[in-house]
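Subject: Structure handover

Hello,

Here is the structure I promised to pass on. Please open it alongside this note.

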Amino acid sequence: MNLESLPRVRLAQLPTPLIRLERLSRKLNGPHLWIKRDDQTGLAFGGNKTRKLEFLVGEALAQGADTLVTLGVGQSNHCRQTAAAAAATGLRCELLLNGQPPEWPNGNLLLDELLGAQVHWIERAQRAEKLRELETSRREEGRKPYLIPVGGSNGLGAVGYVIAMLELQEQLRALSQRMDHLVFASSSGGTQAGMALGARLAGFTGRVTGISIDRNDPGQFEFEDEIAHLANAGAKQLDSAARLTREDVEVIYGYRGAGYGIMGELEREAIRLLAREEGILLDPVYAGRAFGALLDLIRQGRFKRDESVLFWHTGGAPALFAYARELSGTT
Ligand SMILES: *Cc1c(COP(=O)(O)O)cnc(C)c1O
């Protein structure tokens, strides 16, 4: 593995805290729950995209780019962190957001504006076409755009989570702590790809399990294949001979609820429980859903009482404010 040759911009405060959830573990009567606070990566309210952006922006600067271009939904955490990364490195940022502009920007969208990103609203079906158009017109104006894929998920972005696994192994070693399971929200797959590859390279022996927050299980292992493919692209970036297949990737389905970004009782309960037992805020779309799934798996008896389970908090809490109507209430 060759980490040193990849250009990297330091954007995150690392290592992120690794904390025991003692009160909640006791309340649930086991397993031993831990949390890795990647909601605290430090860049404009943090989140998992910051680790990927260290390498993506590193490459953008090495190529002499002057503008970061990426895409997502109005409440995209990835777009907000990209806007912040651009501001922190003196680049411009243009965002292609799909959906309808709200009357007032809130949550991540408000932050995109404050961070100086230029927002273009598009139809989701036109993504590829609008991206090409924007790139062409900027090049004609003499600018140098650097395109970042949805969620920052490509081989280079995944390298951010290879580093994260090395970081975790270091923390566990210092604590003489074993971890049996690692659970987190998976969507565009780059985070899980990096973790799966990083687990292999770092010798992490626990199970790495992504909770799909936006897919139904088609039974075809499409997502598992995508993740393995991203992991192998990451291995190439690192000059590593490691190769993963779908068998190395574990995804749990069944928690998609009414769909991506539609908050239900699962998320509401998870958000309130972690907030009230531990003072930690999840988000309505990703971490809240994945933590709700973890609680459900615990209730189903999926983990032994004396096992240690790490929930990797991937961030997203700024979106809470955009869900005030669904979240507020007296109960
Ligand atoms: C993007 C995101 C994820 C999913 O990460 P992927 O690499 O896209 O799978 C999880 N949680 C939060 C808060 C995110 O913003």
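First, the ground rules. This is a predicted model, in which local features need pLDDT of at least 70, side-chain atom pairs count only at pLDDT 80 or more, and totals for chains, interfaces and linings use all residues. Residues are numbered from 1 along each chain as its sequence is written, and side-chain values use heavy atoms, with hydrogens and water left out.

Aromatic pairs

Rings of Phe, Tyr and Trp (its six-membered ring) pair if their centres lie within 6.5 Å; planes under 30 degrees apart are stacked, over 60 edge-to-face, and the rest tilted. By this rule there are three aromatic pairs. One of them is Tyr260 with Tyr286, edge-to-face, at 5.9 Å between centres and 70° between planes. The two residues are 26 apart in the chain. Tyr260 is in the loop between strand E9 (250–252) and helix H9 (265–278), and Tyr286 is in the loop between H9 and helix H10 (287–299). Helices (H or I, at least four residues) and strands (E, at least two) are DSSP runs, numbered from the N terminus.

Tyr286 is buried at 17% relative accessible area; Tyr260 is partly exposed at 32%. Buried means under 20%, exposed over 50%, and partly exposed in between (1.4 Å probe, protein chains only).

Phe291 and Phe311 also pair edge-to-face, with centres 4.9 Å apart and planes at 80°. Phe291 is in helix H10 and Phe311 in strand E10 (residues 308–313), so this pair ties together parts 20 residues apart in sequence. Both are buried.

Charges over rings

Here NZ of Lys or CZ of Arg must be within 6 Å of the ring centre and within 35 degrees of the ring normal. The charged end of Lys49 sits over the ring of Tyr286, 5.6 Å from its centre. Arg51 lies over the face of Tyr161, also 5.6 Å from the ring centre.

A buried arginine

Arg289 lies in helix H10. Its relative accessible area is 1%, so Arg289 is buried. Its contacts (heavy atoms within 4.5 Å) include Tyr260, Glu267 and Asp283, leaving out residues up to four places away in sequence.

Backbone points

Two cis peptide bonds to check: Leu14 to Pro15, with omega about 0°, and Gly30 to Pro31, with omega near -5°. Pro15 is in the segment before strand E1 (18–20). Ser176 has a positive phi, near 50°. Ser176 is exposed, at 69%.

Best wishes
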